[in-house]
Amino acid sequence: TVLPVLTYIETSALSFSIDYKHNCFLKDGKPFQYISGSIHYSRIPRYYWRDRLVKMYMTGLNAIQVYVPWNFHEAVQGVHNFTGDRDLEHFLDLANQTGLLVILRPGPYICAEWEMGGLPAWLLQKPNIILRSADTDYAQAVSNWLAVLLPKMKPWLYINGGNIISVQVENEYGSYYACDYNYMRHLRTLFRFFLGEDTVLFTTDGNTDKEMTCGTLEGLYATVDFGTDTNVTEAFSRQRRFEPRGPLVNSEFYTGWLDHWGDQHAVVDAQKVSRVLGEMLTMGANVNMYMFEGGTNFGYWNGADHDTRFRSVVTSYDYDAPLSEAGDPTEKLLAIRDVIKQFRDIPSGPMPPATPKFAYGFVTLRKVGNVSSLLNTLSPLGPVKSQHPLTFEEMKQYYGYMLYRTTLPRDLSEPTPLISPLNGVHDRAYVSVNGVFRGLLERDTALVMNITGQQGDTVDILVENMGRVNFGSKINDYKGLLSNLILGKDVLTDWKIYPLDIDGAIAARWPHSDSRKYFPTPQKEPLPGPAIYMGTLQPNGLAWDTFLKLYEWTKGQVWINGVNLGRYWPARGPQQTLYIPGPLLSTSLPNNITVLELEGAPAHLRVLFMDRPQLSVPVQ
């Protein structure tokens with residue numbers, strides 16, 4: 001009978017709270033200042049989680065900040081996945097073993113340059129849903145999700161013997177047009193119900209009055225976020241206007257920034273980062289560095305912005321962070337560690353080294369076939385027939401690619417404009433007539449192209465979802481052909497719409513498993529248009545990290561051993577190489593490479609495995 005009493009005394013001593021009198025956090029009754037870094041388990045292979053967490057601990061951090069992407073765990077409505085790379089509790093456990101506290105950010109919306117800001121695309125099946133509001137359909141879906149997630153998190157709260165010290169409600173809600181206090185109240189009720197009355201709940205908003213006004217709510221501690229170009233005193237005095245007492249908190253101190261396709265690669269000076277960090281810590285502020293390691297937007301998980309036009313985020317989320325995309329310590333990390341040393345004792349011992357990299361060299365690929373000739377494999381269920389085009393959401397295929405097929409309604413001897421009058425191509429359409437590539441339409445930038453042909457010719461339009469908008473008012477981002485296409489004076493109708501499960505086919509080892517069938521006669525120059533290529537990287541006994549460069553390839557998607565590495569687009573840049581985590585490679589069996597090239601492959605058909613990344617366009 002003695003034991004239960006002892007455990008009771010132990011846990012009752014655990015507390016984490018806000019001291020409004022002395023303007024600080026209290027951990028077990030003592031003043032506490034956190035120095036934290038953001039790390040996203042969804043962007044780093046599980047195999048490397050511990051390595052990255054140890055490096056963060058050895059830098060002197062005492063906490064990490066973690067987003068939970070709803071769509072990563074509930075891609076299909078009602079089906080939840082917390083296994084493998086999605087094993088959030090294993091990640092929390094590793095952080096706990098490492099000695100790191102956790103600031104949890106469960107959304108439900110997270111922004112994060114992540115597909116739709118973490119919201120599942122199946123929400124868009126309700127055509128008029130108002131996301132991030134008290135809209136009944138949205139609020140119900142959120143309640144259902146949080147009723148699954150938050151009870152899993154409750155045992156991990158610090159006050160319950162775990163390592164989660166605080167939990168963020170929503171994310172920069174003040175930057176969203178809806179400004180719906182009923183929605184924030186609904187969330188506050190849910191979080192309190194599932195996590196209890198004693199958990200520190202907080203909000204984070206941009207450093208403006210409007211954002212702080214719409215994003216904050218009584219009972220949720222208001223914090224700000226800002227980067228190196230901000231006047232620190234001014235930003236914290238704005239937090240003070242909304243929270244007159246309590247700790248100063250910068251929930252997202254930007255160590256770098258994101259890249260869109262077509263941008264210059266973003267860099268933020270290490271000296272600036274360390275100087276401003278020192279300034280905030282001197283004031284006694286609590287700081288989370290966003291990002292500490294960015295990682296990678298594998299597969300289709302990248303987000304996009306839409307200010308004046310649609311701009312998709314690149315595959316690398318390196319972010320110019322203190323730990324590189326591949327988890328390597330940088331000069332910035334060392335500069336940050338030197339600052340932290342002045343404020344707390346940091347663990348003695350060496351920083352774990354960079355993971356080894358290997359340049360496996362060139363591999364020559366061969367063409368499997370054009371996408372339109374492989375539909376039996378890529379669309380096993382066959383097409384859906386429809387008078388007018390259907391969206392990805394209506395077809396219940398939320399990510400990747402779909403093929404829309406129809407026929408020319410009349411002879412077109414003269415070049416005739418194919419137009420998307422309502423800017424309805426979301427996001428890029430690759431157009432072929434009778435198997436010959438004719439060009440492309442692109443959202444916001446290319447709404448018209450010319451085609452010729454005979455009545456009855458097959459028109460194939462492969463449409464790419466380039467990632468849903470993750471920030472701002474346009475997050476209800478439907479994909480596919482959203483409205484009719486017009487050819488000359490005809491509206492194109494009578495569509496066959498093929499959902500493409502390219503990932504499913506490749507995960508089942510296609511095309512390598514039956515590669516005997518694929519030896520099309522090599523052309524001098526590969527014909528342009530969407531096509532699949534394959535090759536193998538022979539094993540050499542090493543499974544080290546490497547970087548894939550698709551020199552002179554145009555745009556597409558790459559898989560290694562069935563795993564979707566993400567998009568490449570060296571023609572647009574800035575990113576030139578894709579990160580391949582070593583654990584994906586086999587030391588003893590041939591490594592299967594599959595490439596979907598959407599526009600045009602180079603005549604040499606070579607790809608190159610390098611031992612270093614190239615995230616910016618080389619200066620010619």
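D320 sits in the loop between β13 (310-312) and α10 (331-340), where helices (H or I, at least four residues) and strands (E, at least two) are DSSP runs numbered from the N terminus. Although D320 is not a glycine, its phi is positive, at about 55°, and its relative accessibility of 18% is the reason why D320 counts as buried; buried means under 20% relative accessible area, exposed over 50%, and partly exposed in between (1.4 Å probe, protein chains only). E552, in the loop between β29 (546-549) and β30 (556-560), also has a positive phi, near 70°, but E552 counts as partly exposed because its relative accessibility is 47%.

This is a predicted model, in which local features need pLDDT of at least 70, side-chain atom pairs count only at pLDDT 80 or more, and totals for chains, interfaces and linings use all residues. Residues are numbered from 1 along each chain as its sequence is written, and side-chain values use heavy atoms, with hydrogens and water left out.

Two peptide bonds are cis, as follows.

| Cis peptide bond | Omega |
|---|---|
| G107 to P108 | near 15° |
| G573 to P574 | near 5° |

P108 belongs to the loop between β6 (101-105) and α5 (136-153), while P574 lies in the loop between β31 (563-568) and β32 (577-580).

Taken as a whole, the protein has twelve helices and 34 strands, its C-alpha trace spans about 80 × 55 × 55 Å along the principal axes, and buried residues make up 60% of its 620 residues.
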